Structure formats: C-alpha cells, structure tokens
Amino acid sequence: MTNNISLQDYINGIQSSDKRILGKAITLIESKKPEHRQIADRLLKEILPFTGKSVRIGITGVPGAGKSTFIESFGKYAIEQGKKVAVLAIDPSSSINKGSILGDKTRMEELAKDPNAFIRPSPSSGFLGGIANTTFESLLICEAAGYDYILIETVGVGQSETLVNDITDVFLFLKVIGTGDELQGIKRGIMEMADLIFINKVNSENLSKAKLTKTELSRALQFITPKEKNWKIPVIIGSALEKTGLDEIFGKIQDYISLKIKNDTFLETRKKQAEQRFEFWVREYILEKAKNDHLLENSFQEHKKNASELKSNPSSEASDFVNKLFGK
Ligand SMILES: Nc1nc2c(ncn2[C@@H]2O[C@H](COP(=O)(O)OP(=O)(O)O)[C@@H](O)[C@H]2O)c(=O)[nH]1
Ligand SMILES: [Mg+2]
C-alpha cells in the first residue's frame with residue numbers, strides 16, 4: 001500500500017497538493033508499523049521547512065450542532081476568498097470501537113470536490129493506543145501542501161477538545177439554538193477555551209430567541225478571562241446550512257490572528273504547543289519502550305498487576321517502575 005511510494009514521491013506529491021499522495025502520507029504517519037514510522041519521520045523532517053504558514057482552526061460543539069455542515073459552508077466561503085482549505089477530524093470513537101460518531105456529514109462531499117479543498121474524514125485508528133495523536137503531524141503535512149486554513153473538527157466528548165485546542169491557533173465553539181436553558185448546555189471549560197462562539201441553526205423564526213441567547217452568552221462571558229489579552233469573545237448568530245454569518249466569522253478569525261501577532265502570542269503559543277507535543281511523545285515512547293523491553297517486561301506486568309489489584313496505589317506502582325526503568 002504505502003510501501004511502493006518513495007520518500008521523494010511523497011515530498012513531490014505533497015508539494016504539488018496531490019490529494020491522493022496527501023491521503024497516503026497521512027495514512028503513513030498514522031501507521032504503527034516501525035518501517036512506516038521510519039519513513040514518516042524522515043518525511044516530516046523534509047517537509048518541516050514548508051510548514052507553519054496556515055491558520056489552524058479548531059471547531060467544537062455537541063454532536064449534531066452542525067460542525068461538519070459549518071466546515072463545508074465555511075470552507076467554501078474561505079475558498080471564495082482565495083484560500084486553500086484542509087479539513088481534519090478528531091473522532092475519539094474510532095480508536096475504541098472502530099465506529100464513528102462524527103456522522104455521515106463528515107465526508108463533506110461538496111467541499112471534497114473542490115480542487116482547493118482537502119478532506120481527511122477521521123484517523124484510521126488510535127496510535128499507540130492513544131486518541132488521534134497524529135493529528136498535529138497531519139496538520140503539518142497539509143501546511144506543507146500549501147493549505148491556508150486547516151479546520152479541525154472535534155466532538156464534545158472526552159479529551160478531544162483539549163487535544164484540538166492544544167494544536168490550533170483559534171478555537172470556535174458551535175452552539176445550537178433551542179436546547180432549553182441556553183447556558184446550562186455549555187460546559188464552563190469549553191467557554192474558557194473558546195475564542196469565538198457561533199450560534200448555529202438560526203433562521204427567521206428563531207431569530208429573536210437567538211438574539212436573546214447572544215445577550216445572555218455575552219453577559220456570561222464577561223466573567224471569563226479570554227485566552228488572549230484585549231480580546232472580547234465574539235458571539236455570532238448564523239446558519240451553517242443557510243450560509244449566514246460566515247463572513248462575520250471569517251473576519252473575526254482574521255482579527256483574532258492579527259491581534260495575536262500584535263500581542264506576540266501567535267508564535268509564542270505555537271512554541272508552547274510544540275513543547276507539549278514533545279512531552280507527549282516522550283511519554284508515548286517511554287511507555288512503548290517499557291512495554292516492549294524484554295528485561296523490563298515482567299516488571300512492567302508485575303507493577304501493572306499490583307496496581308490493578310490495588311496492592312498499592314497505581315501512582316506508586318508507576319513511580320517504582322519508572323525508577324527501575326532509569327536504573328534507580
Ligand atoms: N436547520 C438547520 N440545520 C442545520 C444547520 N446546520 C446543520 N444542520 C443540520 O444538523 C444536522 C447535524 O449536522 P452536522 O453538521 O452533521 O453536525 P455535527 O455532528 O456537529 O458535525 C444535519 O442534519 C444538518 O443538516 C443549520 O444552520 N440550520
Ligand atoms: Mg460532524
């Protein structure tokens with residue numbers, strides 16, 4: 001499958017935005033096979049000088065909020081403004097039961113047909129037992145291919161929001177109108193992560209209700225410190241299906257990025273994110289090495305068993321094992 005494509009083929013394909021090669025390059029970096037990972041690492045090294053120039057946008061909201069629909073409409077709008085758009089999805093269910101909770105809109109057929117768009121529905125499986133951990137690496141590949149906007153769809157469950165927040169420049173929260181008590185449905189943690197809020201599914205019938213929600217939300221947001229200095233989190237009303245409010249979102253994203261550049265936080269945040277990625281991989285590789293090391297294998301299983309039987313608490317067992325690992 002990926003074996004008959006050379007490193008140079010991957011590089012050429014990525015640089016010419018060959019969607020077929022792009023897809024295969026992402027499959028390669030998601031692969032757990034050591035021989036694939038070796039090429040993947042070399043590929044990432046080669047393309048790194050061509051990365052960094054996109055705007056990385058995370059999109060969250062409960063299942064059914066309209067994220068995929070929004071991405072399809074907004075993606076098309078951004079293309080009309082002269083941008084190239086790549087879409088990635090984080091789907092935590094895919095590593096657990098191989099199913100998908102992102103729904104059938106995930107494929108975004110219309111946007112997928114556009115020559116200026118690239119869509120990667122969801123990670124093929126968890127990497128090293130984790131959840132979609134290679135999304136950042138996929139993002140780098142899309143950047144090297146010249147995509148200006150990378151949109152990452154997440155779901156309102158598990159760690160996926162934090163994962164996406166940790167690799168993006170701007171985080172958009174989609175809120176559905178008409179779900180009873182408007183504020184109750186919003187987890188405080190998400191409000192604190194959001195840089196922009198889009199109230200979706202607004203039409204002429206629920207417009208006044210949407211405006212009321214907007215007022216309530218804006219009021220609640222006064223008590224939350226935005227991630228960025230001098231940024232007032234905008235609440236925008238619109239409809240992903242009817243394609244309203246998209247221009248406003250587009251403008252606000254640009255404002256936000258400009259502000260971050262002005263505040264010197266744009267690159268600073270990316271640097272911190274890269275450090276986090278480094279630490280993440282250190283943890284992954286240590287765990288992998290520990291599990292596969294024949295000398296330590298028994299010890300790893302032993303400590304794990306002790307933890308499972310609560311002979312002592314799991315954190316002490318882990319600490320004892322790690323000390324052994326480093327010969328202490
Ligand atoms: N009426 C209306 N329906 C919408 C709007 N946006 C999305 N939907 C519908 O909501 C459902 C869920 O949308 P989807 O994009 O799959 O949501 P996701 O789970 O957040 O990705 C689909 O049936 C969409 O057609 C909108 O602005 N107005
Ligand atoms: Mg979806």
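Axes are lines fitted to C-alpha atoms, for helices over the stretch in contact, and angles between N-to-C directions run from 0 to 180 degrees.

## Model and overall content

This is a predicted model, in which local features need pLDDT of at least 70, side-chain atom pairs count only at pLDDT 80 or more, and totals for chains, interfaces and linings use all residues. Residues are numbered from 1 along each chain as its sequence is written, and chains are lettered from A and ligands numbered from 1 in the order in which they are written.

The protein chain has 14 helices and seven strands (DSSP runs numbered from the N terminus, H or I of at least four residues for helices and E of at least two for strands). Of its 328 residues, 36% count as buried (20 or more other C-beta atoms within 10 Å of the residue's own; 12 or fewer is exposed, in between is partly exposed, and C-beta atoms are placed from the backbone). Among contacts with a separation of 6 or more, 73% join residues 24 or more positions apart; a contact requires C-beta atoms, placed from the backbone, to lie within 7 Å.

## Helices H2 and H3

Helix H2 (residues 19–30) packs against H3 at an angle of about 120°, and their axes are 8 Å apart. H2 and H3 are therefore oblique to each other (angles under 35 degrees count as roughly parallel, over 145 as roughly antiparallel, 65 to 115 as roughly perpendicular and the rest as oblique). The crossing of H2 with H3 is left-handed, that is, the near helix is turned anticlockwise from the far one by less than a right angle, whereas clockwise is right-handed.

From H2, Ala25, Leu28 and Ile29 meet His36, Ile39, Ala40 and Leu43 of H3. By class, this contact has six nonpolar residues, one polar and no charged (Ala, Val, Leu, Ile, Met, Phe, Trp, Tyr, Cys and Pro count as nonpolar, Asp, Glu, Lys and Arg as charged, and the others, Gly among them, as polar).

## Helices H1 and H3

The axes of H1 (residues 7–15) and H3 (residues 34–47) come within 10 Å and cross at roughly 40°. H1 and H3 are therefore oblique to each other, and their crossing is right-handed.

H1 contributes Leu7, Tyr10, Ile11 and Ile14 to the contact, and H3 contributes Ile39, Arg42, Leu43, Glu46 and Ile47. By class there are seven nonpolar, no polar and two charged residues.

## Phe321 in helix H14

Phe321 lies in helix H14 (residues 314–325) and is partly exposed, with 18 other C-beta atoms within 10 Å. Neighbours within four places in sequence aside, Phe321 is in contact with Ser299, Phe300 and His303. Its C-alpha atom is separated by 9.2 Å from that of Ala290, 31 residues apart along the chain.

Definitions and conventions. Contact = placed C-beta atoms within 7 Å.
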